[in-house]
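Could you walk me through a few parts of this structure, step by step?

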Amino acid sequence: MTWSATARGAHQPDNTAFTQQRLPAWQPLLSAGIALPLFFCAGLAFIGLGLGLYYSSNGIKELEYDYTGNPGTGNCSVCAQAGQGRAPPPSCSCAWCFALPELFQGPVYLYYELSNFYQNNRRYGVSRDDAQLSGLPSALHHPVNECAPYQLSAAGLPIAPCGAIANSLFNDSFSLWHQRQPGGPYVEVPLDRTGIAWWTDYHVKFRNPPLVNGSLALAFQGTAPPPNWPRPVYDLSSDPNNTGFINQDFVVWMRTAALPTFRKLYARIRQGNYSAGLPRGAYCVNIIYNYPVRAFGGHKRLIFSSISWMGGKNPFLGIAYLVVGSLCILTGFVMLVVYIRYQDQNDEDEDEQ
Amino acid sequence: MDCSLVRTLVRRYCAGEENWVDNRTIYVGHKEPPPGAEAYILQKYPDNRIVSSKYTFWNFIPKNLFEQFRRIANFYFLIIFLVQLIIDTPTSPVTSGLPLFFVITVTAVKQGYEDWLRHKADNAMNQCPVHFIQHGKLVRKQSRKLRVGDIVMVKEDDTFPCDLIFLSSSRGDGTCHVTTASLDGESSHKTHYAVQDTKGFHTEEDIDRLHATIECEQPQPDLYKFVGRIKVYHEQNDSVVRPLGSENLLLRGATLKNTEKIFGVAIYTGMETKMALNYQSTSQKRSAVEKSMNAFLIVYLCILISKALINTVLKYVWQSEPFRDEPWYNQKTESERQRNLFLRAFTDFLAFMVLFNYIIPVSMYVTVELQKFLGSYFITWDEEMFDEESGEGPVVNTSDLNEELGQVEYVFTDKTGTLTENNMEFKECCIEGQVYVPHAICNGQVLPEASGIDMIDSSPGVSGREREELFFRAICLCHTIQVKDDDDVDGPRKSPDSAKSCVYISSSPDEVALVEGVQRLGFTYLRLKDNYMEILNRDTVERFELLEILSFDSVRRRMSVIVKSATGEIYLFCKGADSSVFPRVIEGKVDQIRDRVEHNAVEGLRTLCVAYKRLVQEEYEAICTLLQAAKLALQDREKKLAEAYEQIEKDLILLGATAVEDRLQEKAADTIEALQKAGIKVWVLTGDKMETAAATCYACKLFRRNTQLLELTTKKLEEQSLHDVLFELSKTVLRCHGSLTRDNFSGLSTDMHDYGLIIDGAALSLIMKPQEDGSSSNYRELFLEICRNCSAVLCCRMAPLQKAQIVKLIKLSKEHPITLAIGDGANDVSMILEAHVGIGVIGKEGRQAARNSDYAIPKFKHLKKMLLVHGHFYYIRISELVQYFFYKNVCFIFPQFLYQFFCGFSQQTLYDTAYLTLYNISFTSLPILLYSLMEQHVGAEALKREPSLYRDVAKNALLRWRVFIYWTLLGVFDALVFFFGAYFMFENTTVTSNGQVFGNWTFGTLVFTVMMFTVTLKLALDTHYWTWINHFVLWGSLLFYVVFSLLWGGIVWPFLNYQRMYYVFIQMLSSGPAWLAIVLLITVSLLPDVLKKVLCRQLWPSATERVQNMCVWRQDHLPELTPLPLCRAQPLGHWPGSHSNLVTLTCWESRECSVPPPWLLSPMPSPSQPGTQLPWPEGAGRWTLTSSSL
């Protein structure tokens, strides 16, 4: 309220469509007449899509093996037993052998799966330094506080890469051997370890610090490897394009999973004779068993999976589409019945009057 | 000196009148009183600075922040923000800090702008020049430097800079004219009088010699009350004391007219002026919607706390196994391990609170405020509510109550000036039982009406003739009318002959009508000059000396003047309501006049009775002293005056009565009918007498022919006790109620018993009077029970406070209905303030009602659009706004709650910080704001034509707990769909064709994307009125979300210390199944709501939905069937005027609108005959019932 006299003799209001709330408008109605065909159409479309998805998911093959090594579950239990309570666990290897009666249609992808592993724990998830991982020299030597207790080594050196995620890097390794004929020699199947991480991650987001005198090792001088790592980050691989922070296994691991049971891509099988898939024959996966999971009740699995346009095997989407489509049709019918019956009733009411 | 001081003190504290310490003493011109006079304790008065602004440049930020954080919601978010700053929480402080900052900034900018405007206005006021008298010279100073006691000169057309005591004027008679248009809106000139003893001081030097002190009450806001006295010291040290009343007081804000200049002494300055005191009160009413909103907020707060508690407890249960609490891959730091368990649990609880705090919508309050502020413009812009005649449009004084207009259950309306025009026309007068009608009288020739009027006494006789003259003189003299003659300042230039062109101005239109009426009968009031009233009796000028005016008040309901004729006879003329005059009459043809008065009242005319008494000199002197004593009193002056009046106005001789017609306002009946159809009970509260009021009620269709009237009046109470009457009435009413429950709901069926109650002020005060044994509440309950079952109630003979009392009684009855009071006069202010919604009619009786109201409208008929259209719109809009806000935040936060079960209760957020921050303030804020400004379920025309649609929203229908729970459950369902849909998508598989896997941020982004689309599309489903703005904002919001996400994830942002969103959104979109999942999940989330909408529309359509169906049906069928160009030409929602009523009604009966009524194919039968009522479809009430039970 101002002190001037209150507006006496207000101006004639503007006569525009907006001020008079008369803007031209579309006034749709969700009446049964419109909704019915909509429901039927949507239902039919969904069922069609669902069928397609379901069959496409069914066409995907998966081969899975739990190698956690709980007692009595194959030869990995020895390793599991051996590693019990010792840190760092001794290197141990075990094998999973299986036979394929027919061609395992390719391309085949090799995944490892961990369960009961909470990569989505908040304290775990923040325990990383993205600046350090992007190769910033200053961040390399001064990891953020969130990395604690994996921020500084016992000697007081900054840890690179710091944090709990990096420290708990999955370090089992697998090699696949194929025996074409029974009794024949095992041939190593080439595993393509590239292209398993997002292209943008290992090309943009993850960068090694600038080389010092052409050497990556010197660039990391003055830092300590994470306590659980047997070797420093620049020794992760012999390939200079796959070592340091841009090691693809490392990059894959650093993308924390959404749920406590998760899969991560280990390798693709697409080279040589195996580009069309795994031919029939006997196979053995040689597992170098390092990673302890029994301490937290976890499981480790190894999965061979083929991939279609929609990714791995996942019947959920197809079934969901089918269910929703049928529901739509069903409610469509219910509504049709209601529509007709109540319309009659309304007419009768009217007649009575 | 000491002795005198002690004496003064003793007198002050012991003696009756001196005991009054609440007064102030002013030395005129700052001159000390002569020694020996009473000593006063000097007080400190503020200077004349007006401060309406709340803030200064320096204190704006702290004060505004303080004000804003006093609001509970803002304070809550501040606490959350501080918690985030202090403890280690899952979300960064930005997520709550930024929205809070946004909300606070928006509010602060709005308030700052308003305050800046006030500052500008203040400065203009404070710096305008004022003329002072200092040491006999005229000095110019800024207005703010004015002090109490300064002598000020004001020129013509200037406004008074502060409240002044009028000392002298340039006019010889010591009067001046002022208008108070900016104070109370009355544009008439009012005459004020200078103090008798100082009116001779005409020049600066003179006035500087004045030696006086003024004693007056401390400032109080009543514009029309003032008591004080002035003591003028003369040379010889003797002093004269004079009373000061409001006629000596010139108020700040008023303007001097017709007077060259005046001198006055400042007594109230700055913030103590009456104007300032009047502007300080603001409406503190809260709407029902706001109350529901707060209730919902509390529910959500409980949900929030229980969620946090559940999660905290579960966290510790889950963590009881050490390998879960601290697995080898995720060890704690030493300090974390050593922290106290309870402290840890407490911080965890707080962290969960922070995580889920978004369930309380931060931006809801600011959106609601914005909606109300912007939305109220549609009312002021409304062309239909603009009155061409007066050039007035509707005024919104508070926008807080917009939606309350859609909730009104009781309308209390004043009669005069609200239902009627307040445009009085003199109809007839009855003198000594003989009736005179001005139309039948030629100028100057008094002819008794010959035909049509029943002559009660055909022979006036000599005394009759004399009385007749006296009667006309009485009417000419007994008033407070001013004659407005613009072209002359001092009066004498005008010849008496031209007096007929004079314009009479009075605060009471009745008086003007009467004086104009007798002018046609040959008596013309000319003017008041030098305390002589001049009347032109045909062609001779008679002069009467005006001795006293016993002014009108609404308690006495009469006024009197004492005049002295040229022959020296002293008369007292009294004019007033019959009830207040008849008991004081001792002589005259009382019975005949009473008959006539009653006859006129039944016709709906306003009647006044006129009486007189001749006074002898001694009597007059006694009266004079009596009045003088009362007028001089500083304490209880009102009461003493009233007593004096009571004593003076007795033993009168009745002269006659007058009848004045007050025409109904246009469309008043139509409006009342519409309101009743809308289920609103209309009560008329008036000060008029019963018969007049009842006649008006019939005229405006409040009572119909078949309405059975129940009377609860003084007359009836004389026959029976209150107890018996009440019980009898309630029995009558309840009997009917019992047998016709169903019809009672619709309340309008023609064949049902319709009850109307008439109650008068006296009976009401009996009912309201608390009895000694405390059984009063019993009567009240009974009375309320009767009222509830009456379709219309008329309360007559109401004092202003009684009006408020009635409103309060209904307001506090057990259903707590929403009340609306509408009135135009000062006597309606109390009820306007009391009711939930107060509406002022910008009428002839000044602007007091309009100023004190929440909304002001030019005419009563505008109430219809105000309630039925604007109220309906605003209610629908704001209820959707409130419900939607809670819904979208449930959708937002519930997945986050579910996620805790999958991340070890570690308070991991599901969404990225940017999404958490922007969800409420930018992604989803604009569509709902626009919806809440533009939405129309049905067009304005349909709402006006079908008042019953109002019942669809009555009683807070859209914000009931059932509806609220539906929305909340819908939110929970949607959240479950989003979360578990994404969960099953991500479970143990990859969803990309290159075999790569997604992480937790992709998971969250998927949930968020589905949610964004669902929540926005849900609003789209609810929108019935799609203008281009809605399209733009709704689809624009979605587009903005997508563009933002692309940008946010497309760049490595240098200022962020994490890059977790890098390419997440784009990667997600590169996956086919993600697209399919988004489509699927959105469909599933929206499906139940669509299903509910369709089924409800089909099975239990509400009246609104029926009308909507109608529109569509008309569109589909009508143009094909009948070549009605009207239908095609009209835009959607605007039905052709003439046929629509018919179409709608038949459709109602046919129940199903897709079947065209057969007659529509043939030429239209004529709609129901004018005058007869359109039959209301039987089912209307029932439909409303069932539709609300969804």
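Tyr525(B) stands opposite Ile535(B), a residue of strand E21(B). This is a predicted model, and here two strands of chain B come together: E20, residues 523–529, and E21, residues 532–537, run antiparallel and are joined by six bridges. Follow the chain from one strand to the other and you pass through a hairpin with two residues between E20(B) and E21(B). In that turn, look for Asp530(B), whose phi is positive, at about 50 degrees.

Now let us turn to helices. Two packed helices are described by the angle between their axes and the distance between the axes. In chain B, helix H31 (residues 925–934) packs with helix H36 (residues 1028–1050) at an angle of about 165 degrees, and their axes are 9 Å apart. Angles over 145 degrees count as roughly antiparallel, so that is how H31(B) and H36(B) lie to each other. The crossing of H31(B) past H36(B) is left-handed. On the H31(B) side, the residues that meet H36(B) include Leu926(B), Leu930(B) and Met934(B), while Ile1029(B), Val1033(B) and Leu1034(B) are among their partners in H36(B). Sorted by class, this contact has eight nonpolar residues, two polar ones and no charged ones.

A second pair of helices in chain B is H4, residues 94–127, and H12, residues 364–381, which pack at an angle of about 35 degrees with their axes 10 Å apart. Here Val103(B), Lys110(B) and Glu114(B) are among the H4(B) residues that meet H12(B), whose side includes Glu369(B) and Phe373(B). Which classes do the residues of this contact divide into? Five are nonpolar, one is polar and three are charged.

How values were computed. Residues are numbered from 1 along each chain as its sequence is written. Chains are lettered from A and ligands numbered from 1 in the order in which they are written. This is a predicted model: local features need pLDDT of at least 70, side-chain atom pairs count only at pLDDT 80 or more; totals for chains, interfaces and linings use all residues. Side-chain values use heavy atoms; hydrogens and water are left out. Two strands pair if DSSP finds at least two bridges between them. Helices (H or I, at least four residues) and strands (E, at least two) are DSSP runs, numbered from the N terminus. Axes are lines fitted to C-alpha atoms, for helices over the stretch in contact, and angles run from 0 to 180 degrees between N-to-C directions. Angles under 35 degrees count as roughly parallel, over 145 as roughly antiparallel, 65 to 115 as roughly perpendicular and the rest as oblique. A crossing is left-handed if the near helix is turned anticlockwise from the far one by less than a right angle, and right-handed if clockwise. Contact means heavy atoms within 4.5 Å. Ala, Val, Leu, Ile, Met, Phe, Trp, Tyr, Cys and Pro count as nonpolar, Asp, Glu, Lys and Arg as charged, and the others, Gly among them, as polar.
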